[in-house]
Amino acid sequence: MKVGIVKCETYDDVLAKLRECLDSIGGLGTFVKKGMKVALKVNLVMGKKPEVAATTHPLFVSALCTLIDEIGAKSLIVESPGNLYKPEVLKGIYKITEMTKAVEGHNATLNFDVDSAEVENPDAVYLKKLAILKPLTEADLIINLPKMKTHCQMVYTGAVKNMFGSIPGLAKMEMHFRMPDYSHFADTLIDIFLASKPQLSIMDGIMGMDGDGPTSGRVRNFGFILASENAFALDYSAVKLMGIDPEKVRVLVNAEKRGLLDFKDSIEYPLLKIDDTTKIKDIKLPSSMNIHFAGGIIKNIAESLIKPKVFFTDRCKACGYCAKICPAKAITLVDKRPVADNKKCIRCFCCHELCPHAAVEIKKNFIMSILSPHKN
Ligand code: SF4
Ligand code: SF4
């Protein structure tokens, strides 16, 4: 299993570096053939400008479209953001994230078909049958374009997690509610990934995010592009490159248990290897990280004492969106201000992820702040 890793400090160099990265794993032509309809599953978690580094950068997408144009295939930008999945919502998100510009001058279009299609998923643990975005089921090939980021709930979000966006609209929230346990949710994410099985994953790690990702963390110039036909290999490599222990990333831990990462010790790196010279320094982990360490001597401490809590800052504009999308219905508006019921809260951090004003923060529990080995 190969993972191509190249250094790429700026989007000015993205076309040449993307080509180099893909050539190292056999070339884009191994996957894309003339006349194909290629779905590009970008990360457009919400309407954020490219410089916020929450979404796949438009210049990254445009560069890939150039390479697909050269082969004579057609690209279709596909995503179900963490919002309502309606053409008018998509239109606004494409504009803010500059996907509208990304497709200009290419044989590429933006998806506005909001139908879903049911697919069988024989290798799933939970989701043996599920509905995913119809355009993904109709494409000849799916290319997965994740962003390199930390994630408050799942520690890291990359290639496997990016396919959560193949679930239409607010059905994603229902899945959070049905699977509040992080390990079960990790298996759900793997199931969803297996339902669409993108044939190639290419990570935009040029500008990325650490800290309280995936939408309001710290913007970082990581300066990398990674590519692999195996999303698990890519994620394992990206996590190591970020200096995060793969054992702390539930998706990877569960993937290994399910036999999807058996090859991890024999991954080939035809370009850059992962060592002290390439590893990203000073990665800031999410504030919620302590929840992932609940075990050992602290196992018996009451849950309410160790879990982080969400709180609403002065940036709140009282729009009520967090209350609308909260899967556990834990948020109510009191005197036009959101209030979270921590007993009901399942710590999915959707409110933190999707607040349009980045007004939700996560408060590390005092006890866990002391006990947790991750203080950053
Ligand atoms: S926290 Fe964010 S989403 Fe919730 S009401 Fe305030 S501004 Fe709206
Ligand atoms: S309050 Fe926030 S973190 Fe808690 S369940 Fe609701 S959306 Fe998730």
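User: In this predicted model, how many residues surround ligand 2, and which are the closest?

Analyst: Ligand 2 is surrounded by 14 residues, and the closest of them are Cys326, Ala328, Cys345, Cys348 and Cys351. Sorted by class, that shell holds 13 nonpolar residues, no polar ones and 1 charged residue, where Cys is counted as nonpolar.

User: Which residues come nearest to ligand 1, and what is the make-up of its shell by class?

Analyst: There are 13 residues around ligand 1, and Cys316, Cys319, Tyr321, Cys322 and Cys355 come nearest. By class, the shell around ligand 1 consists of 10 nonpolar, 2 polar and 1 charged residues.

User: How should I read the nonpolar cores, and which residues touch the most other members of the largest one?

Analyst: The general idea is that nonpolar side chains tend to be buried together in soluble globular proteins. Here the largest nonpolar core has 94 residues, of which Leu40, Val61 and Ile225 touch the most other members. If neighbours within four places in sequence are left aside, Leu40 is in contact with Val61, Leu64, Ser75, Leu76, Ile77, Val78, Ile143 and Leu145.

User: Which residues of helix H1 are buried, and why can they be said to line one face of the helix?

Analyst: Helix H1 spans residues 14–23, and its buried residues are Val14, Lys17, Leu18, Cys21 and Leu22. Seen down the axis of H1, these buried residues fall within an arc of 130°, and therefore they line one face of the helix. They pack against strand E1 (4–7), helix H2 (58–71), strand E10 (200–210) and strand E12 (224–228).

User: Which domains does the assignment give for the chain, and how many residues does each bring to the contact?

Analyst: The domain assignment gives domain 1 (4–266) and domain 2 (287–371), with C-alpha centres 26 Å apart. The contact takes 17 residues from domain 1 and 17 residues from domain 2. On the side of domain 1 that touches domain 2, the largest share, 4 residues, comes from helix H7 (residues 171–178), and by class that side has 9 nonpolar, 5 polar and 3 charged residues.

User: Where is Lys279 found, and is it buried or exposed?

Analyst: Lys279 is in the loop between helix H10 (250–257) and helix H11 (303–306). Lys279 is exposed, with 12 other C-beta atoms within 10 Å, since a residue counts as exposed at 12 or fewer.

Notes: Residues numbered from 1 in each chain as written. Chains lettered and ligands numbered in written order. Predicted model: local features only at pLDDT ≥ 70, side-chain atom pairs only at ≥ 80, totals over all residues. Near = placed C-beta within 6 Å. Buried ≥ 20, exposed ≤ 12 C-beta atoms within 10 Å, placed from the backbone. Helix = DSSP H or I, 4+ residues; strand = E, 2+ residues; numbered from the N terminus. Arc of directions from axis to C-beta. Contact = placed C-beta atoms within 7 Å. Domains from an automatic or database assignment. Core = buried A, V, L, I, M, F, W, Y, C linked by C-beta atoms within 7 Å.
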